[in-house]
Amino acid sequence: MLKLYRRLARTTLFLCLVAASTRAQTAPAATPQSGAQDATAATSEPSAPTVPVTLFPHSDSTRWLLSGQANIIFQAHPGFHSPYSGPNSLLARGEYKTSMVGTLYMGYQLIANPRYNLDAIYDEESAGGRGVSEALGLAGFTNLDVVRNPSLGPIPYLARVQLHQTLGLTDKLVDSPRTQFSLATKVPERRIDLRFGKMGLPDILDLNNPGSDSHLQFLNWTVDNNGAWDYAADTRGYTYAAIVEYDDADFSARYALALMPTIANGIDLQWNLHRASGQNVELEYRKTPFAFLPEHLLDPKRKGTVRLLGFVNHANMGDYRDQIKLARPTSAKPDITNHPLQSTTKYGLGLNFEQELTSDLRVFGRFGWNEGQHESYAYTEVDQTFELGGDYAGNFWGRPNDKFGVVGVSNAIKRDHQNYLAAGGLGFLLGDGALSYAREDILETYYTAHNWRGLFTSFDAQLIAHPGYNNARGPVAMFSIRTHFDF
């Protein structure tokens with residue numbers, strides 16, 4: 001294990017030096033975010049002249065938005081130790097795969113009055129290529145762009161269509177960055193935001209500026225999202241939902257009601273809310289979580305945010321303990337789907353923080369927990385997760401649009417879930433046929449280089465100990481090269 005960590009560190013350092021040697025930019029700019037970002041988060045430094053970070057210019061003064069992105073990831077791993085494997089195992093032989101995601105973002109301000117702004121959002125997307133081992137065998141899978149049902153293919157599909165209404169509760173306006181999901185650049189400081197339509201819940205909930213963007217930052221599923229948050233979504237990550245949000249100067253509260261899939265990791269959604277639904281509540285406080293530190297250690301002007309998330313899902317989920325009992329008399333392998341149509345409940349919570357330490361250095365972390373007795377249904381097979389990491393902008397070496405990041409994640413499952421996999425049961429992601437349980441520990445690092453306008457190149461390395469929570473298999477190292485275009 002120590003040798004692998006040293007090898008990962010040497011490889012990462014080499015890739016960082018290669019990326020840093022590409023052509024430097026002439027003026028500083030903030031790194032763009034391809035996904036939704038916290039509209040209330042602001043840097044503590046004054047704005048500076050910027051170089052373009054999109055291939056084509058975009059005006060913030062128009063009522064319409066037309067932009068796009070493309071993300072291409074080449075990912076590979078060498079062979080690793082594996083005395084046995086099962087139907088849902090990460091392949092022990094070396095393999096490589098390429099994924100491609102392209103999104104066209106369109107929006108129009110139907111009402112441009114800042115007090116009562118109304119946006120219409122429409123996004124088309126295409127997801128092609130595949131993940132290593134068909135995205136099986138890891139709870140913390142190594143590429144968030146991968147669609148877990150490869151039979152869907154790269155045919156373009158509707159990703160988002162929604163209305164976003166702002167209801168101002170004060171005449172005081174504050175600046176707000178324009179994003180693909182919120183077009184107004186001035187918003188009331190105290191307001192209610194309403195969203196209704198098709199969306200991804202992580203567009204709005206569990207955001208974390210250093211750790212939410214798989215296109216320019218980390219790649220792992222359980223880094224960019226809280227792995228224990230089994231958020232309502234189809235296999236592509238989208239659902240139909242209604243979100244109510246209250247925003248004040250330092251505080252936000254959000255409630256989301258969303259449709260669950262009809263089967264675990266399914267593409268079809270259950271429209272009968274009496275049978276299935278996902279309910280989510282998030283509280284956000286935009287004050288430094290490290291306010292107890294003296295001023296000589298941390299400038300109080302440095303921005304920080306803490307978010308507390310809770311969720312309750314109702315769906316046709318199986319119970320691990322019940323399925324083990326059902327299979328025991330015949331010595332058959334338990335099957336979590338072998339139950340009559342029912343509505344059961346899964347609940348959990350998450351804690352999320354981010355903190356500026358200097359103008360270039362940020363730290364972040366997450367903790368997540370769910371009850372673990374009922375079937376992992378929509379996101380991934382994690383019942384508990386800890387995450388801690390940070391990123392550093394490249395101003396020190398004259399490349400302000402570059403970023404370097406490192407993070408550690410430790411994922412776990414509860415005893416009922418462990419016993420189910422040990423008895424040969426299969427989840428929608430995991431199943432080696434047996435299990436010698438250990439936590440799935442992940443170390444990830446990346447360097448993203450801004451090459452020209454909207455063109456970025458990233459080098460990413462991940463080391464996973466105990467893939468699929470199996471102490472008998474691994475560790476495995478995963479290496480990635482990512483090319484990203486912002487149009």
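Two rings of Phe, Tyr or Trp count as a pair here if their centres lie within 6.5 Å. This is a predicted model, and by that criterion it holds 16 aromatic pairs.

Let me take one of them. How are the rings of F485 and F487 arranged? Their centres are 6.2 Å apart and their planes meet at 10°. Planes under 30 degrees apart count as stacked, so the F485 and F487 pair is stacked. In general, the distance of the centres and the angle of the planes are what describe a pair of aromatic rings.

F485 has a relative accessible area of 24%, which makes F485 partly exposed. F487 is at 31% and is likewise partly exposed. For reference, buried would require under 20%.

One more ring has a charge to report. Over the ring of Y157 sits the charged end of R236, at 3.8 Å from the ring centre.

Now the chain as a whole. It has 487 residues, and 55% of them count as buried. The secondary structure comprises 18 strands and four helices. Taking contacts between residues at least 6 apart in sequence, 74% join residues at least 24 apart. The accessible surface is about 20,000 Å², and carbon and sulfur atoms account for 62% of that surface.

That is the end of my part.

Notes:
Residues numbered from 1 in each chain as written. Predicted model: local features only at pLDDT ≥ 70, side-chain atom pairs only at ≥ 80, totals over all residues. Heavy atoms only, no water. Helix = DSSP H or I, 4+ residues; strand = E, 2+ residues; numbered from the N terminus. Buried < 20%, exposed > 50% of the residue type's maximum accessible area, 1.4 Å probe, protein only. Contact = heavy atoms within 4.5 Å. Areas by Shrake-Rupley, 256 points an atom, 1.4 Å probe, with all protein chains shown as cover. Phe/Tyr/Trp six-rings, centres within 6.5 Å; stacked < 30°, edge-to-face > 60°. Lys NZ or Arg CZ within 6 Å of the ring centre and 35° of its normal.
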